[in-house]
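This briefing is meant to be read alongside the sequence and the coordinates. It begins with a contact between helices and then turns to a sheet.

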Amino acid sequence: MHCIIGSSNVEHVKTPCEAESGNVEYVKPQSKAVSRNKEHRKLQSKATSNDMIPVKQQSKEAFTIEPWKSRMDALKRGCASGRKRYQLTTSQVSQLYYSSSRAGFSVCKVPKAGSTFWTIMFLILQHQKPPEKVFLIPRYKLHNKVSGRESRQPPNDSSLNIIVSRDPYTRLFSGFIDKVFLAGRKMEENQDTSNAYIINDLVCGYNTTFADFLDVITKNALNGGKINRHLAPVYLLCSACNIKYQVVSHVETLTADTEYIVDKLQVSDSKKRSLKQVFHREEINKTLGGLLASELRPLRLPKEKCPDQLAYLYKLWQSLQIQGYLHIQSTFPWDFFEKENNFEESSIVKLILDTMAGRPLSNKDRKLQRRDALVSAYKNVGIETIKRIQKMFMLDFRLFGYDINPPS
């Protein structure tokens, strides 16, 4: 039986990765994905409970309440079933871990799966940085601050070991938008240099489609090539079946997960309260300032890489719509940039924040808009490429309970 990729009821985002192909049929998955919203509600309820297990007793033991128990059970079952027919090896990736002796935890660093959030947690809990200031640091500066402080050695059993997962299809699309579409990168050295990204006769970088991106990275991985950490399976990045993890966190419930985890760490009650105050603010505002500061850096790129800054800003606007920050009906303000002084970073940030405030998205609408962009992206990916994704991320699907079928 086959299932057909469909579309949601929300007007879809015109993503840069759409090609001129029709619907594609995919094999029906064996099981349904776990409900993230249900998990989120359970975690919020447990995180506010007074019946907390003492840190010292809990530090080496897996969490035994739901959904933590089900996640650990799935990880153990998946690992016990072996890796028959799995072609990839840990030699294709580099591994990094954040280990905090102060707070008694270790977390595997997985790019595009909460790594920025856990970098913030590491700076706050291990290096005693003020939460309010750390959340405002631009992403590129944030990761520079911890460069060299990560460990390449797997954690031992003396800490609470945490692994963070994310749906592979979502993670790949996120990696494409950040690392290829916005950056205007070409995927191969022999890529046609005439295939530039052009909008209204303005040029910036290369016009690599999402389908082409997936073709290149999946073929490279399955042929034994080195895999960019942003695109590598969590199974490989974290040695998921060789390290004794006590906690499996999902990006889909990251805030609620982390709030519950913090309650189990070796930190003061006052530190826990200050962190929770940050967690309970609107999630969209937590790192938005740092995100925009990072995304505007390419405006300083040499002219030969991006001759027209306005073309880059148009792509940035699209990416913010895809990520659910800007409403899909908030059109790009071409008139605003007729004045040269409006290219100042502060002016652009203000424009984006004002546009967001003028047409805010509810949490539900934000999720629908992001989902619609994701579905639109995979509509135009061929069945053979989907099969390679399923082979590449076979163990991520199995160990973490994600739907093996593409978004629909």
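**Helix packing and sheet layout**

In this predicted model, helix 7 contributes L172, F173, F176 and V180 to a contact with helix 8, where the residues they meet are F210, F213, L214 and I217. Sorted by class, the residues in this contact of helix 7 with helix 8 are eight nonpolar, no polar and no charged.

**Geometry of the helix pair**

- Helix 7 spans residues 168-181 and helix 8 spans residues 210-222, and the two pack at an angle of about 105° with their axes 11 Å apart.
- Because angles of 65 to 115 degrees count as roughly perpendicular, helix 7 is described as roughly perpendicular to helix 8.

- Four strands, in the order 3-4-5-8, make up an open sheet whose pairing is mixed.
- Strand 3 (97-100) and strand 8 (247-250) are the edge strands, and each has a single partner strand, so one side of each is left without a neighbour in the sheet.
- From one strand to the next, the twist averages 20°.
- Strands of a sheet pair through backbone hydrogen bonds, in either the parallel or the antiparallel sense.
- Strand 4 (residues 105-108) and strand 5 (residues 160-165) pair in the parallel sense, over three bridges.
- F105 has L160 as its bridge partner in strand 5.

**A helix across the sheet**

- Helix 4, which covers residues 115-125, lies across strand 3, strand 4 and strand 5, and runs at about 25° to strand 3.

How values were computed
Residues numbered from 1 in each chain as written. Predicted model: local features only at pLDDT ≥ 70, side-chain atom pairs only at ≥ 80, totals over all residues. Heavy atoms only, no water. Pairing = 2+ DSSP bridges. Axes fitted to C-alpha atoms, helices over the stretch in contact; angles between N-to-C directions. Contact = heavy atoms within 4.5 Å. Parallel < 35°, antiparallel > 145°, perpendicular 65-115°, else oblique. Nonpolar A, V, L, I, M, F, W, Y, C, P; charged D, E, K, R; others polar.
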